[in-house]
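Hi,

Here's the structure I promised to pass along. Have a look, and then read on for what turned up in it.

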Amino acid sequence: MNDTFEKWTFASFDEIAMVVLSSIVTYAVILLYTRISGLRSFSKMSASDFAMTVAVGSLFASTISSSTPTLFIGIAALGCLFAGQSALAILRQQIPWLSQLIDNEPLLLMVGGEMIEENLRKANVTRSDVYGKLRESNAFSYDQVLAVVFETTGDISVIHSERDDAVIDPDIVKDVIGHERLFDTQRSAGVK
């Protein structure tokens with residue numbers, strides 16, 4: 001029992017020193033790679049951005065806390081992730097269908113005070129999730145809510161206004177699945 005306890009709780013000075021050294025070097029390399037490839041590396045604008053953030057975090061943790069992967073393998077793997085993300089970002093800009101293939105599309109969850117049950121099921125989101133986001137965005141009543149959108153990253157955006165005559169510019173929601181419903185509602189309410 002003592003051997004097991006020692007294995008799980010203690011480390012030699014050399015092991016601790018390597019964790020500290022690996023942490024410093026790996027962190028510095030991540031900052032350098034981010035500086036080279038840009039802040040987009042850690043944005044959450046698309047599913048690939050989110051995957052990048054998770055992968056970098058996982059690789060960072062495994063590189064600094066264990067001898068496998070080695071420090072240099074971890075640094076090389078991080079370099080591959082950053083290079084891959086930069087290449088993908090460039091390709092997504094130049095080849096429109098690639099972006100459509102890779103990225104999820106945002107989904108309309110709510111129009112005014114009406115929840116769209118079918119879209120809630122598609123997004124695997126509950127009414128409680130939406131209510132939480134409404135509170136977080138300081139929407140005081142359904143009258144303030146213009147739309148609620150499930151974004152490509154899994155975030156929920158609440159578009160709201162205290163003005164009764166507020167309308168959403170069609171360009172802002174043109175890529176949202178179900179956006180037509182927004183404008184049908186505005187037309188039926190007599191909003192131009």
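Val130 touches Leu109, Met110, Met115, Leu120, Val125 and Val148, leaving aside residues up to four places away in sequence. Bear in mind that this is a predicted model.

On to the charged side chains: the structure has four salt bridges. One of them pairs Glu114 with Arg181, with the closest N and O atoms 2.7 Å apart. That one ties together distant parts of the chain, since Glu114 sits in strand β2 (residues 114-115) and Arg181 in helix α9 (residues 179-188), 67 residues apart. Glu114 counts as partly exposed because its relative accessibility is 40%, and Arg181 does at 36%.

Arg127 and Glu117 make another salt bridge, at 2.5 Å from N to O. Here helix α7 supplies Arg127 and helix α6 supplies Glu117, 10 residues apart.

Then there's Glu136 with Lys133, whose closest N and O atoms are 3.2 Å apart. Both lie in helix α7, three residues apart, or about one turn of the helix. Glu136 has 58% relative accessibility, so it counts as exposed, whereas Lys133 is partly exposed at 23%.

Cheers

Terms used: Residues are numbered from 1 along each chain as its sequence is written. This is a predicted model: local features need pLDDT of at least 70, side-chain atom pairs count only at pLDDT 80 or more; totals for chains, interfaces and linings use all residues. Side-chain values use heavy atoms; hydrogens and water are left out. Contact means heavy atoms within 4.5 Å. Helices (H or I, at least four residues) and strands (E, at least two) are DSSP runs, numbered from the N terminus. Buried means under 20% relative accessible area, exposed over 50%, partly exposed in between (1.4 Å probe, protein chains only).
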